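Work through the exercises below with the sequence and the 3D structure at hand. Each task is followed by a solution in steps.

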Amino acid sequence: MLTVLAGGVGAARFLLGAVEAVDADRVTAIVNVGDDTVLHGLEVSPDLDTIVYTLAGAIDPDRGWGRRDESWRAIGEVRRLADSAGIRADDPNGNDAAGWFALGDLDLGTHLYRTSRRRAGAALSAVTAEIAGSWGLDLRIIPVTDDPLRTVLETTDGRRLSFQEYFVRERHDVAVRRVDLEGREQARPAPGVIEAIREAGVVVIAPSNPVVSTGPVLSVPGVEDAVHSVRDRVVAISPIVGGAALKGPADRLLRELGHEPSVVGVAEWYAPIAGTLVVDRVDAALAGRVEAAGVRCIVTDTVMGPPGVAAALARTCIDAVGTGSQP
Ligand code: FO1
């Protein structure tokens, strides 16, 4: 079994390769929910949806989130109404009414369904399985927890922003001094999470943001201990290539929180729980410093643009653990 600790876009692209490399029913994704939010009363789970839509071939390939062939009529109407009423995105009493978070019409259907099922008492993990099943997906996609877990970023000017306020509304262009994971003490791993880690032949930490994507996954009590207990079988893939994040603010957040924004900083971050770190060829010269941080370093192509790279990367992770493990 191959288990992947996953954030959004980078993890989704890796999972596409993983289901080429091994049978999809042997792959489990354990997914961040710290980005989840409630907008217009609807429950939105961006990382879960990015993974489902990507594996289903329904993702918009340019944006990397939301549906392909999307239309925007409903959110366009919200924005028209807000404009007319003078409601702005930074109005504390009505900011989502300003429509700063772009919910497409097809995507809205997912949020309507999720919200209705959750109000009827279904757990997020059960609803996620229903949504993935509707797309005919054979891999297991599990939110790390069914309990509320919210990433909150405190800016240097003292504001506390939800992840989506930081990422989308503020375009991650504000300095952060602290990241909190609200609800983590009470959160319990969703059914199947701990088993999927302990019983996996290989656990891959996807090339996702360590602070705000895999960080919340590992923060759920019991998850980091489970990963630590199989450290020799854990392979992390660096989301930092040549000192920069391929997408999003991973490099900036690492720097702002006092870590080196490089594969060395990533190695130091994951060394307690991962035996191996995979880095891109452009970082080959740093392999010695990665190993000095206490993890084995594998150098290969990690940028999952060209066809075949993601599947080759998945095979590299499996081979890294080797010795007869059966992913
Ligand atoms: N990202 C944006 O930059 N702008 C948006 O308006 C936006 C809307 C959106 C709607 C649904 C969804 O599932 C994702 C959406 N994202 C948007 C992406 C999302 O905020 C981030 O990619 C993840 O949360 C980061 O992992």
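At 27% relative accessibility, Phe-167 counts as partly exposed, where buried means under 20% relative accessible area, exposed over 50% and partly exposed in between (1.4 Å probe, protein chains only). This is a predicted model, in which local features need pLDDT of at least 70 and side-chain atom pairs count only at pLDDT 80 or more, while totals for chains, interfaces and linings use all residues. Residues are numbered from 1 along each chain as its sequence is written, and side-chain values use heavy atoms, with hydrogens and water left out.

**Exercise 1. Aromatic pairs**

Classify the ring pair of Tyr-53 and Trp-135, then the pair of Phe-163 and Phe-167.

Step 1. Rings of Phe, Tyr and Trp (its six-membered ring) pair if their centres lie within 6.5 Å; planes under 30 degrees apart count as stacked, over 60 as edge-to-face and the rest as tilted. The structure holds 5 aromatic pairs.

Step 2. For Tyr-53 and Trp-135 the centres are 6.4 Å apart and the planes stand at 75 degrees, so this pair is edge-to-face. Tyr-53 belongs to helix H2 (residues 46–55) and Trp-135 to the loop between helix H5 (124–134) and strand E5 (140–143), so the pair links distant parts of the chain, 82 residues apart. Helices (H or I, at least four residues) and strands (E, at least two) are DSSP runs, numbered from the N terminus. Tyr-53 is buried at 1% relative accessibility, and Trp-135 is partly exposed at 32%.

Step 3. The rings of Phe-163 and Phe-167 have centres 5.2 Å apart and planes at 20 degrees, so they are stacked. These two residues are 4 residues apart in helix H6, about one helical turn. Phe-163 is buried, with 6% relative accessibility. Ring pairs also link Tyr-166 with Phe-163 and Phe-167 into a cluster.

**Exercise 2. Salt bridges**

Which residues form salt bridges with Arg-169, and which side chain meets Asp-173?

Step 1. A salt bridge is a side-chain nitrogen of Lys or Arg within 4 Å of a carboxyl oxygen of Asp or Glu. The structure holds 19 salt bridges.

Step 2. Arg-169 forms one with Glu-165, with the closest N and O atoms 3.6 Å apart. Both residues are in helix H6 (residues 163–169), 4 residues apart, and both are buried. Arg-169 forms another with Glu-170, at 3.1 Å between the closest N and O atoms.

Step 3. Asp-173 meets Arg-252 in a salt bridge (3.3 Å, N to O). Arg-252 lies in helix H10 (residues 250–256) and Asp-173 in the loop between H6 and strand E8 (176–182), so the pair ties together parts 79 residues apart in sequence. Arg-252 is partly exposed at 23% relative accessibility, whereas Asp-173 is exposed at 56%.

**Exercise 3. The largest nonpolar core**

Step 1. A nonpolar core is a set of buried Ala, Val, Leu, Ile, Met, Phe, Trp, Tyr and Cys residues joined through side-chain atoms within 4.5 Å. The largest has 95 residues, of which Leu-2, Leu-5, Phe-14, Ile-141, Ile-197 and Val-223 touch the most other members.

Step 2. Helix H13 (residues 309–321) gives the most to this core, with 8 residues.

Step 3. Domain 1 (37–122) and domain 2 (193–322) both give residues to the core, so it lies between them; the domain bounds come from an automatic or database domain assignment.
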